[in-house]
Amino acid sequence: MQNGNKPLLSVCNLKTYFFQDEGTVKAVDGATFDVYPGKTLGIVGESGCGKSVTAQSILRIIESPGRIVEGEIVLRRANDSEVELTKLHPDSKEMRDIRGAEIGLVFQEPMTSFSPVHTVGAQIIEAIQLHMSVNKAEARQRGIEALRSVGIPKPERRIDEYAFELSGGLRQRAMIAVALSCDPRLLIADEPTTALDVTTQAQILDLLRDLQKQRGMAIMLITHNLGVIAEMADDVVVMYLGRVVEEGSVDDIFHSPKHPYTKALLQSIPSIETESRTKLPTITGSIPHPYNRPSGCPFYPRCPQFIAGVCDKTEPMLQIVNERQKVSCFLYQK
Ligand SMILES: Nc1ncnc2c1ncn2[C@@H]1O[C@H](COP(=O)(O)OP(=O)(O)OP(=O)(O)O)[C@@H](O)[C@H]1O
Ligand SMILES: [Mg+2]
């Protein structure tokens, strides 16, 4: 609960593993968090910590040999009923309706998400007709409006172009238009600006913020860029090796981080106050290979505050620090 609001999406103890001949990759290993209506939840963590697989699990688009092995993903619908997404078949009508119409997805590389042999318009029209009973002409009109709403100039002409004819920024806008064409209540944006230059990145973030204000939708924003999180998020989830190690409001995370991993992530952001000759602090050690997760706290081999005999023995649980903030670390275990 947050200000009496019920979560739009609740992920509880989610475990998604990839079963390979060489071993099992525990991509997501007990992740728990909530997304609130109209708010932006930032999900941050180093490469490989399970951010994208978490998003794919929610949308039920995990690639084989991946599988959700445990946990619950509860989506609250517009009529206040709840649906447990892990119970639905990925190809069921209900899941297909949820994907697109209730939860939209935007990801990093719009070039690969658009077909090279169909126009942008054909793909928007298809997405709209999949979820709404409108004829082709109406869908096309909606598509043009969708392109206009994301700031694409001359949308009535652009709609007949191919993705490769658009610049990177326009392509990302077109992808947002597709994701929003059916008015989802939750937008999952997985590294939406990583492939873009900084100016275009700022424009796309502004656009997402404006669209969120107009539509009141929730955004789950996945990024490894803490600057983007600081600018966009209301709440933050910090992931490490498939687990949530800390969560809190954006103020908690930036001004009063608790977990040694969160602190290390924050120290690795370049600051304008850092003298140009001082070396950037980096997090010592590297992420363990996903087949060889350490026992105990997954961060202990890299942790400057590691307590021998404690951190390497049992896994810490998420502890409540204050109203919004939780941390999974023995330093805060009561
Ligand atoms: N299709 C797959 N088959 C096998 N392993 C996979 C597959 N997809 C992801 N993984 C593994 O799952 C783990 C989590 O990957 P994920 O893509 O969620 O990381 P991420 O946090 O999104 O990283 P990045 O910041 O690089 O996008 C990684 O170890 C990755 O190698
Ligand atoms: Mg990813």
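Let me start with a definition: two strands pair if DSSP finds at least two bridges between them.

Before we look around, some housekeeping. This is a predicted model, where local features need pLDDT of at least 70 and side-chain atom pairs count only at pLDDT 80 or more, while totals for chains, interfaces and linings use all residues. Residues are numbered from 1 along each chain as its sequence is written, and chains are lettered from A and ligands numbered from 1 in the order in which they are written.

Now the overall picture. The chain has 11 helices and 12 strands, and its C-alpha atoms fill a box of roughly 65 × 50 × 45 Å along the principal axes. The radius of gyration is taken over C-alpha atoms, and the globule rule is 2.2 Å times the number of residues to the power 0.38. For 334 residues, a compact globule would come out near 20 Å, and the chain's 21 Å agrees with that.

Next, burial. We call a residue buried if 20 or more other C-beta atoms lie within 10 Å of its own, exposed if 12 or fewer, and partly exposed in between, with C-beta atoms placed from the backbone. Buried residues make up 43% of the 334 in the chain.

So where do we go first? Please find strand β8, residues 218-223. All 6 of its 6 residues are buried, so β8 is largely enclosed by the rest of the structure. Both faces are covered, with A218, M220 and I222 on one side and I219, L221 and T223 on the other.

Which strands pair with β8? One is β3, residues 40-44, which runs parallel to β8 and is joined to it by 5 bridges; here G42 stands opposite L221. Another is β7, residues 186-190, also parallel and also joined to β8 by 5 bridges. In that pairing, I188 stands opposite M220. To get from β7 to β8, the chain passes through helix α8, residues 198-215, in a right-handed β-α-β crossover. Right-handed means that, with the strands pointing away from the viewer, the path from the first strand over the helix to the second runs clockwise.

Let's turn to the antiparallel strands. β1, residues 9-20, pairs with β2 over 10 bridges, and a hairpin of 2 residues joins them. β1 also pairs with β4, residues 66-76, over 8 bridges in the antiparallel sense. Keep an eye on T16 in this region: T16 stands opposite V28 in β2, and its bridge partner in β4 is I68.

β2 comes up again at the ligand. What surrounds ligand 1? There are 15 residues in its shell, the closest being A27, S47, K51, S52 and V53; a residue is near a molecule if its C-beta atom, placed from the backbone, lies within 6 Å of it. The elements giving two or more residues to this shell are β2 (23-35) and α1 (51-59), and α1 supplies the largest share, 3 residues.

Finally, is E165 buried or exposed? E165 sits in the loop between α6 (155-158) and α7 (168-180). With 12 C-beta neighbours inside 10 Å, E165 counts as exposed.

Methods
Helix = DSSP H or I, 4+ residues; strand = E, 2+ residues; numbered from the N terminus.
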